[in-house]
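Please open the model in your viewer and keep the sequence panel beside it. The stops below say what to select next and what is there.

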Amino acid sequence: MTTENTTDDHITEGTTAQLPVLPNSVKDAKASRELLFTLRHFHLGDPGAGTKLEVPNTELLPALLNPYRDTSRLRYDYPLVLLPATDGHRKATELAIPLTEWLQDAVLAFAPNDGARILKDHLPWLEHHIRTTLDQTDGPVDAISPLQEAQVALQVHLQLPDVEKNRLDKDLQALQQQIPTGTTILAYGRYAALHLLKHAIHSRVLPRRQRLTKLISNCVRGLKELLEVEWAKSTESVEPAQARDSVGPGAHLFDLAKLSETMDYARGTYVMPEERRTRIESTLQTLEHWAMDPIIIHFIHGGALNCEWLTDDPSLTSHIDQDPCARATGIFDQQAAHLAQLFAAIRIAQLEINGIYDPPIHDPWFANFNWEGFTQEELLLVPSVIAIEAADRIAGVGLATFSKLLNSGRPVQILIRVQPSNNPGAAHEEDPMHSYRTELGFIGLAHRQALVAQTSSARHQHLLESALVGLDATRTCLHLVNTGLRPGTELVPLNSWLVAGAALEGRAHPFFRVNPQVTDITRFDFSGNPQPEQDWPVHPFNYIDENGHNVTIDLAFTFADYALLIDRLREQFRLIPPGCESEAMVPLQDYLAMRPDEAYQKIPYIWGVDGHNQLHRLVISRILALTSLDRLNFWHSLQELAGVRNPHVERAIENTRTIEQEIARQAQEQLVAAHKVEVEQVRFHAADEAMQRLADLLLNIDQTAPIPTKSSQSRSATHTYQSIDQSDQSDQSDQSKDAGTLSAVETSDSQATPANDTADATSFDDPWIDTVLCSSCNDCIKVNPLLFIYNDDKQAQLGELTQGTYAQMVQAAERCPAKCIHPGKPWNQDEPNLDEWIARAEGL
């Protein structure tokens, strides 16, 4: 929602000059205690306390609505541009477009870039003029007339030089050409919902009727062809008159009787039974004499609907009845019975044309054919029957026929205009807030096969979507509509569109739609509600405090804020004098969120702004607080139905999350266990194979052969364990190589000198690594990247022993998760603390 800049002295919304001001006051603790006593008694319902406090004046508005006090500067969705029907498949956004949006799109259509600059700059002026012109109109008007008036007024207003004037006039003419034939403009008014519903019906029914006319023509042509084929088999087709007709203009030169006798003709071997001929002729007569009824909408009401447009529009008619639901049932049955003859004739024609009509099967069916046997397309061709009911009558004496119609399944539209501040279930002399509100929407939901929609003409797109869903559904539809009208009010003349929006914001008239025909999650539609996950919509609010500081707070718009707009509910409010401060006074949204044992000690209030831009707090009565709680409970019920903040949904989500986590944990444990088993198996087979090779090597060594040095032995051992996972062919190659090596050792042994006996003794305590078991954890590399290195497969092997210490070897072995590092014995006996490190190595 925005405001229009229609005057030169326009003050931008949100500036300090427009912000409400909290008046200065002298705080007196004693006076505050006395006032608090009075406020508490008023809240609890003491009539005497109410006389001691000031009733809010008629210009005081809820704080969040104060910026929209000047309705002449209010820009909103209306007027609406109602576009004509085309193929019957337009969406809600294509049927009705806000005037602002349509003007912008229309200008861009012929001036997409920098053209028509004067016109583009003054589109808000045109919009404001059209809105003002149509302010008092009831119903749609042709789009050309108000646009032409606005264009003339714009030329007069601007007083442009001739060049610019001619350019603007050319652009204005181009703008008019963008209006499709049949386009109308609808201002916001008392019957906006009915006009939108009528527009939706026209958009759907007219294309369907065109298709029906074409279908009837095809059936007539097919039946005539059947009869012509049959007639060609008869003797009448070769009589003199027929011969004359076949000869043409020269027929008088021939003896037609002789010609007929001498003509050779063939008769069909099959003659159509008389019963079938009679059925085809009767069906053909029904189709040929069918006349489409121009009336496509029947309004049934109790007499309150008295408008000129009801009589001026030839496509609709009005019926007055004190029981609209019962009358609507009778009218639908009458219209459906009339159409049953046509639909039966069409079906018979199609069966006869295709040659599949079977009298034993089809005759009984068509003898009892009625609306319950209609297809969906046939049901949608029945003229729309709309019962306009009063909310209090439905909740009282009209409940029986209302319930019967909802359960009947007849595709009748029931439209109830509701006032969110009233209780339909309360008696006329009863205060509507002294009992819980009767929710007609929930009564509708109790009839499980009916479509129920609660909407508002202030949100035209939501209303049109609900109307189109209802018109496309072959079931009874209930529409609960709020218009925002406040009949007889003496309050500040707020726009009705704004009041209807306040009912939506304050949870007084929340939106929902239940379509039993839908089987997925969209069965319950909760769209259109502001901040649906919250208890109350919360908006930032700026004001000037008593010290002149700009303050911003988050302010909730509650049901009590909406109630402040209703004249008869003003008695439920009292002004809290400035300077009265106490922790016992809390905002209403906080009060309603408290437990009952906490709330009874508190006094709830809301914020309001008067006509002098002064900010006030207003204490509310307990009965209004309980009514607000009732509206909040209803809102919570709708949230649960929509799956918003639904404890059952949240519990199911938590259970699903717990199950998934348990499944993941079990899968992880299984993977860890399988990996552990696999590691142990690899470790066992690798060690067994290594020891077998070592044993084979030792058993074949010549005891007189020279003993290899420590460094060569270490490298040989490392190489041996790196090659454990090689193939059998590689193993055989290694064995052949070993045999050759042993032979060489034996040869060299026979030639060895005594000096070889002084070589180093053979040692099997050198450090080594089961490289194949390495998990590439980097723990050993972190200890000493020179002592431990990675091979090409990023698995650890020993580097140069001289580049590290035995202590580092033991530390790495302790850290190794795969336990593949074997420290052996120290290679440097001068290393300090060797006894300690040897003991730790033996414990591995």
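Which element gives the most to the lining of the second largest cavity? It is helix α14, with 3 residues; helices and strands here are DSSP runs numbered from the N terminus, helices being H or I of at least four residues and strands E of at least two.

Before going further, note that this is a predicted model, in which local features need pLDDT of at least 70 and side-chain atom pairs count only at pLDDT 80 or more, while totals for chains, interfaces and linings use all residues. Residues are numbered from 1 along each chain as its sequence is written, and side-chain values use heavy atoms, with hydrogens and water left out.

**The cavities**

Select Arg209, Leu212, Trp290, Met292, Asp293, Gln335, His338, Leu339, Leu381 and Pro383, which line the second largest cavity. A cavity is a set of points, on a 1 Å grid over the protein atoms alone, where a 1.4 Å probe fits but cannot get out, and lining residues have an atom within 4 Å of a point. About 80 Å³ of space lies in this second largest cavity, a volume being the space filled by probe spheres set on grid points that are joined across faces, edges and corners. Its lining divides into 6 nonpolar, 2 polar and 2 charged residues, where Ala, Val, Leu, Ile, Met, Phe, Trp, Tyr, Cys and Pro count as nonpolar, Asp, Glu, Lys and Arg as charged, and the others, Gly among them, as polar.

Next select Leu379, Val382, Ser384, Pro411 and Leu471, which lie nearest the centre of the largest cavity, among the 15 residues that line it. The largest cavity holds about 160 Å³ of space, and α9 gives the most to its lining, with 3 residues.

**The open sheet**

Now select the 4 strands that form an open, antiparallel sheet in the order β5-β4-β7-β6; two strands pair if DSSP finds at least two bridges between them. Strands β5 (96–98) and β6 (141–142) stand at the edges, each with a single partner strand, so one side of each has no neighbour in the sheet. Helix α4 (residues 99–110) lies across β4 (80–82) and β5, and runs at about 85° to β5.

**Backbone details**

Select Tyr78 and Pro79, where the peptide bond from the one to the other is cis, with omega near 0°; Pro79 is found in the loop between β3 (74–75) and β4. Further along, Asn778 has a positive phi of about 75° although it is not a glycine, and Asn778 lies in the loop between β22 (768–769) and α29 (779–783). Most residues other than glycine have a negative phi, and most peptide bonds are trans.

Definitions and conventions. Contact = heavy atoms within 4.5 Å. Axes fitted to C-alpha atoms, helices over the stretch in contact; angles between N-to-C directions. 1 Å grid on protein atoms, 1.4 Å probe; cavity = no way out; pocket = protein on both sides within 12 Å on 5 of 7 lines; lining within 4 Å.
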